[in-house]
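Please open the model in your viewer and keep the selection tool to hand. The tour below goes from one selection to the next and says what is to be found at each stop.

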Amino acid sequence: MSKSDPKPDPKPAAKLGFKPIPAAVAVAIAVVILLIPAPAGVKPQAWQLLAMFVGIIAAIIGKAMPIGALSIVAIMLVSVTGVTVDLTDPKLTTPDKITAAAMKDALSSLADPLIWLIGVSIMISRGLLKTGLGARIGYYFIALFGKRTLGIGYSLALSELILAPVTPSNTARGGGIIHPVMKAIASSYDSDPEKGTQNRMGKYLALVNYHSNPISSAMFITATAPNPLVVNLIAETVGSEFRLSWGTWAWAMLVPGLVAFALMPLVLYFVCPPEIKETPNSAQFAKDRLAEMGKMKRDEKIMLAIFAVLLVLWAGLPSLLLGKAFTVNATATAFIGLSLLLLSGVLTWDDVLKEKGAWDTVIWFSALVMMAGYLNKLGLIKWFSGVLESGIGHMGLSGITVAVLLTLAYLYSHYIFASTTAHITAMFAAFLTAGITLHAPPMLMALMMAAASSIMMTLTHYATGTSPVIFGSGYTTLGEWWKAGFVMSVVNILVFGIVGALWWKSLGYW
């Protein structure tokens, strides 16, 4: 080889499939728990599963691997160790039968209809992006209400609310659909963080864009992926008769959610006031964008019609009008919607296959629901709630006070979590069980914690998938983001705690 010949490229260094430091920390935490003797009243199996569970949660928090990959590891650990299997069962007489039973347990949640409800709904939401219907809805409301910056804020919030029932990925909704519309409006007024002009209106609109997300997520089971997990945990803790349907959840959260939506743009208007108050050109800007999009295309019309069908079926209107014989299961409804999109050609099977978030959600959700479910079955959650109960039971607090304190502790502990799913899986059932044991009204506390599971997204720039998307666009400083987040968490929890509690009382839920 002559000196002038280019040197061959060196072989790329082999990369591990995980981050060594976070993985090592997660393993160390799991090992430490394993080495601690199981407390009195806790089955060894339950303690071993807890070690695995905490290790997986620590790895999720530390982002040692993608959550879907960690879920595969979790399924493997449960199946290999047989930690969920009752070894006293006379049918399990050989190692192969024990292994088969463990594998069945590890995969049991893949048959959970609620998990598929979210997965299929995420697939359906791709139609909003593909057809452009989501952006059209946003521009339509801005054309109607966009003569003032405050009006644009309410338009963004209303767009978020309209899209929420069929967009289980709150990141796709807030970051993928609404955020580009918000940026386009801000740019039309030369409000650009790269130019240092974000205070004109971009900062305010970015915060409204983001804080619409937690409120809408609280209002529908299908508005964010962890909500079905909340439904399962409430049913397991309070009793299966309290399993919330799509319509029951939506009805319960309707009034406090609407009040929170009415207050949020106004509160942020005073917390981070925009320099530009009057925006007569924004309505015209939105109209111009709608003109560029032209009349609604065939696929948009079909998407809108299917959107309406889903809302009607999820709300249970056929059963209300025609009787229980016409009730359609919520997950079956989602499959109806996806089937119609495929049959009409609005979505292709390739579109569905490319919706990685949906398939990823089905995998990681099933793993976490499975582990949380078996922790409950093995008695670990009951034991931990007993620890909480003994810690605060001697204070002699009323049930309502207990519900408030535990809900606030649950909400603000999200400062140490970067995943709502990890947080809910780790803490929801134990806190709810402790509250009920200490005489908190069961459904009051369950609904308060369900709302808090979304409200906690307000707090930080890493609270949920939507936050780094919008924070990363540079419209706010870290201090401004955290300040607005804390203020909105207080406003939202007061709304759901006061307006929500009164509404739920009128509905007879407690």
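A salt bridge is taken here as a side-chain nitrogen of Lys or Arg within 4 Å of a carboxyl oxygen of Asp or Glu. The model is predicted, so local features need pLDDT of at least 70 and side-chain atom pairs count only at pLDDT 80 or more, whereas totals for chains, interfaces and linings use all residues. Residues are numbered from 1 along each chain as its sequence is written, and side-chain values use heavy atoms, with hydrogens and water left out.

**The whole chain**

Begin with the chain as a whole, which has 23 helices and zero strands; helices (H or I, at least four residues) and strands (E, at least two) are DSSP runs, numbered from the N terminus. Its radius of gyration is 24 Å, close to the 24 Å that the globule rule gives for 510 residues, so the chain is as compact as a globular protein of that length. That radius is taken over C-alpha atoms, and the globule rule is 2.2 Å times the number of residues to the power 0.38. Along the principal axes, the C-alpha trace spans about 85 × 75 × 50 Å.

Of the 510 residues, 52% count as buried, where buried means under 20% relative accessible area, exposed over 50%, and partly exposed in between (1.4 Å probe, protein chains only). Among contacts (heavy atoms within 4.5 Å) with a separation of 6 or more, 78% are accounted for by residues 24 or more positions apart.

**Salt bridges**

Nine salt bridges are held in the structure. Select Lys203 and Glu480 next: their side chains meet in a salt bridge, at 2.6 Å from N to O. Lys203 lies in helix α9 (residues 202–219) and Glu480 in helix α23 (residues 478–506), so the pair ties together parts that are 277 residues apart in sequence. Lys203 is buried, with a relative accessible area of 10%, while Glu480, at 22%, counts as partly exposed.

Then move to Glu355 and Arg126, whose closest N and O atoms are 2.7 Å apart in another salt bridge. This pair also links distant parts of the chain, with Glu355 in the loop between α16 (349–354) and α17 (356–377) and Arg126 in helix α5 (residues 113–131), 229 residues apart. Why does Glu355 count as buried? Its relative accessibility is 15%, which falls under the 20% limit; Arg126, at 25%, is partly exposed.

**The nonpolar core**

Turn now to the interior. A nonpolar core is a set of buried Ala, Val, Leu, Ile, Met, Phe, Trp, Tyr and Cys residues joined through side-chain atoms within 4.5 Å. The largest one has 160 residues, and those with the most contacts inside it are Leu156, Ile234, Met253, Tyr410 and Phe428. Select Ile234 and show its surroundings: leaving aside neighbours within four places in sequence, Ile234 is in contact with Gly239, Phe242, Leu244, Phe428, Leu432, Ala446 and Ala450.

**A last stop**

Finish in helix α13 (residues 298–314), where Val312 is found. At 34% relative accessibility, Val312 counts as partly exposed.
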